[in-house]
Amino acid sequence: MEELLQQVDLYKKEIENFIGENGDTAEAFRIKFLGTKGIVKNLMQEMKNVPSEKKKEAGLLLNDLKQTAELKYETLKQQSTSNNQQSNMNVDYTLPGDEINIGTRHPLSLVRNRIVSIFNRLGFTLAEGPEIEDDWHNFTSMNMPENHPARDMQDTFYVHQNPDWLLRTHTSSVQARVMEKQKPPIRIICPGRVYRNETISARAHCFFHQVEGLYVDENVSFADLKQTLYFFVQEMFGKDVRIRFRPSYFPFTEPSAEMDISCLICGGSGCNVCKHTGWVEILGSGMVHPNVLKNFDIDPEVYTGFAFGMGIERICQLKYRVNDLRLYSQNDVRFLKQFAGVVPLV
Ligand code: 2NL
């Protein structure tokens, strides 16, 4: 009992002399004296060792200690709020503010926005769709039935729970979804992330970004395709750019062609970028295959269309000379902030 009396006395002095400065010290005080494992609670537990004739006296003492602690806590809290208000008033508003780092647009976004904007001006509207697709929209409706050899080059990731679901390998699936709902005329531009099962290196990644375009109407010809894509590269790379088409094969177009532009680095005289040919490949294109139109109940005897697809990384590489694909997804600010000065095309 004597011991308890002494302890209470010491704690009372400690409480009285406690000096608080801010909200943190008030909270530290509360935890030390009034918390669930605090001094007051601990002492209360000691009551069971106090002989019964002294219990009343001890109880009064401990209650007194508790009240003193509670009162002090309230005072500390009040002091801390008025301190805070005072320190707010001491702010020197004439000092320069903190720099706000707002970041920069990602180079792939800059290039995508530019591509979309150019096609918008030609009357193409933006269309988007899901990255997780079903077999029909990604492959079968695009004239690539099961076991078609072209599927080999577009190996992708499948959803374990449902083998019909996969990560789209191109944004043609978005165009499929538009043709499903909308009748011609259709004039759309479809940017987005696509996936391939590839080993990651400087030249390949398991995902990349693509823009595809589709134009279906009566009397759409290969001449329209050529003129549209020529306009596009001139707006993208400048009026001096030249183009050439090489015959190619895609399951969803017939005829198909790949388009090259004159090398922007050497102007056509030959360098590493163009492998000394003076030309660089930038996109694939063709007239929409009649089977694709039929898959969406569009009569190929009435309607024709052209379509094209390009990798945004590739366009970005040519426009800004990015030489390693991995830079796009490493988020290194030393790379990203180099694009801070790019003026967007509206
Ligand atoms: C490439 C080649 C291409 C298409 C994409 C397409 C879409 C529909 C119908 C027919 Cl809905 N074709 N898209 C056509 C030709 C080429 O992309 O090298 N892409 C990166």
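Buried means under 20% relative accessible area, exposed over 50% and partly exposed in between, with a 1.4 Å probe and protein chains only. This report applies these terms to a predicted model, in which local features need pLDDT of at least 70, side-chain atom pairs count only at pLDDT 80 or more, and totals for chains, interfaces and linings use all residues. Residues are numbered from 1 along each chain as its sequence is written, and side-chain values use heavy atoms, with hydrogens and water left out.

**Helix H6**

Helices are DSSP runs (H or I, at least four residues), numbered from the N terminus. Trp136 lies in helix H6, which covers residues 135-138, and Asn138 also has its place in H6. The table gives the accessibility of these two residues.

| Residue | Relative accessibility | Class |
|---|---|---|
| Trp136 | 33% | partly exposed |
| Asn138 | 0% | buried |

Contact means heavy atoms within 4.5 Å. With neighbours within four places in sequence left aside, Trp136 is in contact with Ser141, Met142, Glu180, Asn295 and Phe296. On the same terms, the contacts of Asn138 are Glu133, Met144, Leu166, Arg168, Thr169, His170 and Ser173. Trp136 and Asp164 are 28 residues apart along the chain, and their C-alpha atoms are separated by 8.5 Å.

Helix H1 (residues 2-17) has 16 residues and reaches 23 Å from its first C-alpha to its last. This is close to the 22 Å expected at 1.5 Å a residue, where the expected span is 1.5 Å times one less than the number of residues. Leu4, Val8 and Ile15 are the buried residues of H1. They sit on the same side of H1 because they cover an arc of only 35° around the axis; the arc is that of the directions from the helix axis to the C-beta atoms. The face turned away from this buried side carries the exposed residues Glu2, Glu3, Gln6, Leu10, Glu16 and Asn17.

H1 packs with helix H3 (residues 39-46) at an angle of about 165°, and their axes are 12 Å apart. Axes are lines fitted to C-alpha atoms, for helices over the stretch in contact, and angles run from 0 to 180 degrees between N-to-C directions. H1 and H3 are therefore roughly antiparallel to each other, a term for angles over 145 degrees. At this packing, Leu4, Gln7, Val8 and Tyr11 in H1 meet Ile39, Leu43 and Glu46 in H3.

**Helix H10**

In helix H10 (residues 312-320), the residues Ile312, Glu313, Ile315, Cys316 and Leu318 are buried. Arg321 follows H10 and has a positive phi, near 60°.

Key
Helix = DSSP H or I, 4+ residues; strand = E, 2+ residues; numbered from the N terminus. Parallel < 35°, antiparallel > 145°, perpendicular 65-115°, else oblique.
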